[in-house]
Amino acid sequence: MHSGIVRTEEKSKKGKNVIRLAIDAAYQKDSHHASAGLVLVQDGQQYQKKVRLAGCEDNHKAEFLALLWAIKSELAILKTSQLVEIISDSKILVSSMQKGYAKHYQKEVDLILALLPNPDLTFYTWVSDRKNQGPHHLAMQALQD
């Protein structure tokens, strides 16, 4: 019985150390301009960032590049966490990262996995567009800047 209490306490301590990265990309087909939005949540605090992305041929690649940018820009913070949850409305991104494989974006998947401090303790969550409005609005703003 005592070990159950210890595990519960350990879980709650670990639970406080979860970092959530909610990301989204925006892509303009006609101009090939792309951007990314990031909402990072750590210890109840929320941080927002946005950026223009280069080298995008399509929206899917923009989603992978958005995650690469988010990891690179928050690497120091990610190294302090035991668990990382990456939240995206891109089914191809989430599915590819969960499998560690993407037919057309394997280079990006490999770069992402190599950058993550704890890839085995990183979880990917798909959410609907409606539930990913923060990163979406930031990406749209960066596209207009």
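Predicted model: local features only at pLDDT ≥ 70, side-chain atom pairs only at ≥ 80, totals over all residues.
1. Have a look at the start of H2, where Asp58 comes in: one of its side-chain oxygens reaches to within 3.0 Å of the backbone nitrogen of His60.

2. H2 is largely enclosed by the rest of the structure, because eleven of its 15 residues are buried. Among them are Phe64, Leu65, Leu67, Leu68, Trp69 and Ile71, and the buried set also includes Lys61 and Glu63.

3. The largest nonpolar core has 32 residues, and the members touching the most others are Leu53, Phe64, Leu67, Met97 and Ile112. Two or more residues each come from strands S1 (18–28), S2 (33–42) and S4 (83–88), and from helices H2, H4 (91–99) and H5 (106–115). H2 gives the most, with nine residues.

4. Leu53 deserves a click in your viewer. Beyond its neighbours within four places in sequence, Leu53 is in contact with Ala34, Ser35 and Ala36, and also with Ala62, Leu65, Ala66 and Trp69. Another core, of five residues, lies apart from the largest one; Ala22, Val39, Ile87 and Leu138 are among its members.

5. Finally, Glu74 sits in the loop between H2 and helix H3 (75–78). Glu74 is buried, at a relative accessible area of 7%. Setting aside neighbours within four places in sequence, Glu74 is in contact with Leu38, Leu40 and Lys49.

Note on methods. Residues numbered from 1 in each chain as written. Heavy atoms only, no water. Buried < 20%, exposed > 50% of the residue type's maximum accessible area, 1.4 Å probe, protein only. Helix = DSSP H or I, 4+ residues; strand = E, 2+ residues; numbered from the N terminus. Polar contact = N/O pair within 3.5 Å; in protein donor to acceptor, adjacent residues only side chain to side chain. Core = buried A, V, L, I, M, F, W, Y, C linked by side-chain atoms within 4.5 Å. Contact = heavy atoms within 4.5 Å.
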